[in-house]
Amino acid sequence: MTKPNKSSFLVSLLLITAGTLLLPFISSCGKGANANPTGLNTQLQIINLSPDIQPVNLYLNFIKESTTAYTYPTGSGYFFISTLTPPLQLRSATLAPVNLITINSTLKANSKYTLFITGFKSDSSIKKSILLLDTATVPPLGRGIVRFVHCSPTSAPLDLKANGTSAKLWTNIAFDSVSKYVQLPVGNYNFTINLNASQDNVQFQLPNVTIQDGRAYTIYTQGIVGRTDSVAFGAAVLTNNLLLKTNR
C-alpha cells in the first residue's frame, strides 16, 4: 500500500516542478509588447520652439505615443519610444486633433534623437522641423564635441563663438540649419551667439558652460532676434551623451 502513495507523491512533485519552470516562459511571452521599448533602446526628445503651433502630441505609426503635450519652449527630455515604424506625427492637442507635422524617416535602434519643432504654423514652415540623430563618434581623449542649431524663425544667419572664437563650421548658420560637431578641449566656455553680418553684435550669451570628456552637446536658439516679449531670442544647451564607442 505504501508504494502507490510514494508514486503519487513523485508524480505530484514532477507536475509542480514543470509548472514552476513553465511560469517564467508564459510570463515572458505575455510581456512582449511592454518590453519592446527597452529592446529597441531608442530614445527621442521633443523641443517645441514654434511660437504659434500651440501644444502638440506625438503619434508613432498613427498611434498616440505621448501622455502629455509638448508646449513652447519646453523640452521633454529623452524618453523611450515603442516603435521605429513611421510615420512620426505631431498633432494638435485638441479634442479633434489635426496633423501638423509628418516625418516618414525610419528611426534606428540603439540611438537617441532630438526633434526641434521650428517655424510657424501660420505659414506652414513648421513642416521643415528638424529631426537630429544625437548619437556620434566618441572624440579623442580630453575633448568634447559641440554642434549649433539655428531654430529662430525670421532671424538672420548666426555665428556661435566659444570664448570669443568661432569655428568655421559654426559660422553663417541659417534658420532650420545645423552645423557639424566641432571638437573642443574639456573646460569651461563662455558661448556667444552673434549675427553673421555683424560679428560684434552679440545676441545672446551662455556663460560658464562646462565641456566634459567624451560628451556631445547641442547649442540651439529659440525665439526671434529683436523681440522682447514671450518669444524673445534666447539659447540653451543640450547634452547628447549616447555616443558610439571607437578606439582612442
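**Close-up views of the predicted model**

**View 1. Asn188 and the residues around it.** Asn188 has its place in strand 14, which covers residues 187-195 (strands are DSSP runs of E, at least two residues long, numbered from the N terminus). This is a predicted model, in which local features need pLDDT of at least 70 and side-chain atom pairs count only at pLDDT 80 or more, while totals for chains, interfaces and linings use all residues. Residues are numbered from 1 along each chain as its sequence is written, and side-chain values use heavy atoms, with hydrogens and water left out. With a relative accessible area of 48%, Asn188 is partly exposed, because this class lies between buried, under 20%, and exposed, over 50% (1.4 Å probe, protein chains only). When residues up to four places away in sequence are not counted, Asn188 touches Asn163, Asn208, Val209 and Thr210 (heavy atoms within 4.5 Å). Gln212 is 24 residues from Asn188 in sequence, and the C-alpha atoms of Asn188 and Gln212 are 8.9 Å apart in space.

**View 2. The two faces of strand 13.** In a regular strand the side chains alternate between the two faces of the sheet. Strand 13 runs antiparallel to strand 10 (residues 143-150), and 4 bridges join strand 10 to strand 13. Within this arrangement, Val182 of strand 13 is the bridge partner of Val146.

View 3. Strand 5, made of residues 88-92, is joined to strand 6 by 4 bridges, and strands 5 and 6 run antiparallel.

View 4. Most residues other than glycine have a negative phi, and most peptide bonds are trans. The peptide bond from Tyr72 to Pro73, however, is cis, with omega near -10°, and Pro73 has its place in the loop between strand 3 and strand 4 (79-80). A further cis bond runs from Pro86 to Pro87, where omega is near 5°. Pro87 is placed in the loop that lies between strand 4 and strand 5.

View 5. Gln54 is a residue other than glycine, yet its phi is a positive value, near 70°. This residue, Gln54, is found in the loop between strand 1 (43-48) and strand 2 (56-60), and with a relative accessibility of 53% Gln54 counts as exposed. Asn172, also a residue other than glycine, has a positive phi near 55°, and Asn172 is found in the loop between strand 11 (158-162) and strand 12 (177-178). Is Asn172 buried, partly exposed or exposed? At 45% relative accessibility, Asn172 counts as partly exposed.

Methods. Pairing = 2+ DSSP bridges.
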